[in-house]
Amino acid sequence: MRPDSLDIDQLVYDAIRLDIASLRRSKVAGAAHFAGVFSFEPKHLNYRSSISQTFRQPDRLETDSTALFSTAEALRLVLSGERDNAISLLKSLQNQYDQPSEQLLLQLMTTWISGDPGAISVANQLALTQEDNLPLDVRARIQLQLMTWSTSLIGNQDAAEFYDQALSYARGDLRKAIQSIGNDFGRDSVLFLRSPRSRLVKNQSMLDLSLFGAQETLRRAAKKRVESPHVRHIGAVPQSLPDDIVAAELQAEWSGSYWTLKSVWRQKANAIVAVSNDPDEISSAIADWILSDQTGLNSVIDSFENHLTANRVHTLLHDRLLSGRRVRNHKWIEVCGCLSNLLPDSIASGLANTIPLRGSSTDIQVDPQLDKNTDLFARILANDPASWESRFLALPGETQAAVSERIRAMHAPLLSEEVGRIVCDLIVTTESDQKRLAGQSALTAAWLIENNVNCRPLRSEFMDRISPDSSALVALNHPSLKRQDLIQSFQDDLIGQIQSEIEHNRSGRWSGFARSLPLQLAQTMIALETPTRHAIEVIQQLIDARLTSADTLQDALKALLWLLDENIIQPSNEPWVGQVQFRDSESAPVSMWSGRDDVRAINALVAGIRLRTGDEAYDAATRLSFAARDPDIAVRLVAVESLQTSTASPRWREGKAAPILDAVALGAVFDPDSRVQSIGIRLIPSIEDAGIATLSWARTVNEWQRTHTRSRVAAVKSAFEMGRQSDIAELAGSDRSVNVRRAYEFWSNGELLGKQPRR
């Protein structure tokens, strides 16, 4: 039975609002079907499992001739994977309904399902012709629908006209909700102390659906991790994404509740990132993470970078984010910064020409957005040097100076002689008198002075301007630019800081002036190419002190490993080195150390030292083999790092320990974490057993496309060390990451930097 026209109008308005409770209360078949499909009820999705049919008769579905039933049927077809049939159905029904409200509902569903930008304007025109007959909140809802659908088709900026129109119609809680998302559409956002409480604005049912779906996903994943591998499941394998989250996303998208949709995206992204191993799902989750304005994007992308093939990056940036039109400018800069080494050439070239740049170094330091813009511009030098240099030369002098400070030393070889001279001159001569050359800018200038003939006249001024804390790093990479007096001064300062830290630790103050003080101290001795008795003594005191923090103790042990590898100290001259003790749970500071498994990490470093001193080498190698399989990534990382050495064929890799160490390196190559894997790949040239070395290298080459950028860069370096560069020439030359392509190019030309600081 078909309801009268007034009832149909009200039901259509409820359908546009997606008031599921009112639709169900109406007892109209079309309204119930509309609500049931959006709620993913099996009866309305025509879902029948073999088990359910065995035990009971399928429920009959009541039908009627309303547009609500027809539009619900179209959506059901879409959910079944029959989008084309759904569009054909809706088009065939366009002339079968005389009721204006039903015609509007059909057009809205057609617009939503088709994904055709042209249909947006058609739906808007139809809504405007019926405007006088529509309640204000329904007018606002239609504009919100068109706004929400437009964001994925034409971008947020072009959808802003629908935002403005919706805001002009809205009243009360709906207006508050619309104002809360103004920033997404280039308008001011307004947050209210009393958040909207209207049922159709708060959308608690949608939020509950997405939250339950995310919790169910995590619960299922936790159960899978603890159950026996012999457990057998009856029925289909569950998808990574539960129907609850999909239903919540559909409901929020249809109703134009963009503020709720962002919350659903957040839950959806978290659920997928936590449990999924499907590359396409993960790529989609990264897009949802970005669109929901979550923090920690860089960590998420780094964790799943191995899944981001060139095609998936293109889909993410061009299709999902519409080349930046779906997000605000500052968010687009952040996204491109996180993906800088994977950017398609078209986007990198566009950024090189259009990214906003202005101001001096001082201006940029106080403006976080300018800081990100400048840093990204410096990074994309690697992508398109020609476009980059053209834009750089057009910048004001003060902005050129700010950019020059951000250029990484590894990218300095990409600069032409003319631009290289300008960059070097800006780095060396335009700093204030109080500021010395430090960090990356010092290394960049050092490379240019040594390799660009036009920059050599700046050598004397560079030597005068270099800062003490960068003097050792510059000397390690460019021995001809060594300032021995500065290195010695910096070493004395470090010794004083470490002594103060030891005294503070003894008194229970745990100062921790800075991270990596022992490593910096070791770096100065390596740069000076001689041991300093006082420096070695403070490192020994840090290791022996009962109240040294776990982080500082690990840094001290790493410094000792580095000094042993560089032959700065000899175990025969420093007997205490071979007596460094393993820690246990009774060690004094354990209760004050951090929550991770510090004792096992520290013992892995001690085992690395024992390997080098020759004391109980077999036992030390055995300890390392256990640490390299530890469930804690921090322990595994330390274990494989302790096998790295600058010596081509160290004595301690021979004898009974060699097979164990080869097995550790092989295990690292197969490790699921890219940080461990990259170090394992770097260890391949040092593997003694030819069969294990061949297997490790074959794994590296065969898995090339599925590994992280850091692993592929490590493979480039190992290939050149082993003389196997022909194995990866094609892979590296056409790699999706500009870092890998440049690494192969630089190694081919012998231009990569030498000794970098240990971490």
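What follows is a conversation about the terms used for this predicted model and the values behind them.

Guide: Residues are numbered from 1 along each chain as its sequence is written, and side-chain values use heavy atoms, with hydrogens and water left out. As the model is predicted, local features need pLDDT of at least 70 and side-chain atom pairs count only at pLDDT 80 or more, while totals for chains, interfaces and linings use all residues.

Visitor: How many helices and strands are there in the protein chain?

Guide: The protein chain has 42 helices and zero strands, where helices (H or I, at least four residues) and strands (E, at least two) are DSSP runs numbered from the N terminus.

Visitor: Why is Q143 called buried?

Guide: Buried means under 20% relative accessible area, exposed over 50% and partly exposed in between, with a 1.4 Å probe and protein chains only. Q143, which is found in helix α10 (residues 136-151), has a relative accessible area of 3%, and therefore Q143 counts as buried. Leaving aside neighbours within four places in sequence, Q143 is in contact (heavy atoms within 4.5 Å) with N124, F162, Q165, A166 and Y169. Of the 759 residues of the protein chain, 52% count as buried.

Visitor: Is I333 buried or exposed, and how do you know?

Guide: I333, in helix α20 (residues 329-338), has a relative accessible area of 7%, and so I333 is buried. The residues that I333 touches, not counting those up to four places away in sequence, are L351, I355, Q369, K372, N373 and L376. I355 lies 22 residues from I333 along the chain, and their C-alpha atoms are separated by 8.4 Å.

Visitor: What makes a group of residues a nonpolar core?

Guide: A nonpolar core is a set of buried Ala, Val, Leu, Ile, Met, Phe, Trp, Tyr and Cys residues joined through side-chain atoms within 4.5 Å. The largest one here has 147 residues, of which F34, W254, W388 and F462 touch the most other members. Helix α16 (residues 258-275) gives the largest share of this core, eight residues. A second, separate core has 84 residues, including V635, A639, L683 and F720.

Visitor: What is W388 in contact with, leaving aside its neighbours within four places in sequence?

Guide: W388 is in contact with A352, F377, A378, I380, L381, V403, I407, L415 and V419.

Visitor: Why are α30 and α31 called roughly antiparallel?

Guide: Two packed helices are described by the angle between their axes and the distance between the axes. Axes are lines fitted to C-alpha atoms, for helices over the stretch in contact, and angles run from 0 to 180 degrees between N-to-C directions. Angles under 35 degrees count as roughly parallel, over 145 as roughly antiparallel, 65 to 115 as roughly perpendicular and the rest as oblique. Helix α30 (residues 484-506) and helix α31 (residues 517-528) pack at about 150 degrees, with their axes 9 Å apart, and α30 and α31 are therefore roughly antiparallel to each other.

Visitor: How do you know that α37 and α38 are oblique?

Guide: Helix α37 (residues 658-669) and helix α38 (residues 674-683) pack at an angle of about 135 degrees, with their axes 7 Å apart, and these two helices are therefore oblique to each other. The contact is made by A665, A668 and V669 of α37 together with V676, Q677, G680, I681 and L683 of α38. By class, this contact of α37 with α38 has six nonpolar, two polar and no charged residues, where Ala, Val, Leu, Ile, Met, Phe, Trp, Tyr, Cys and Pro count as nonpolar, Asp, Glu, Lys and Arg as charged, and the others, Gly among them, as polar.
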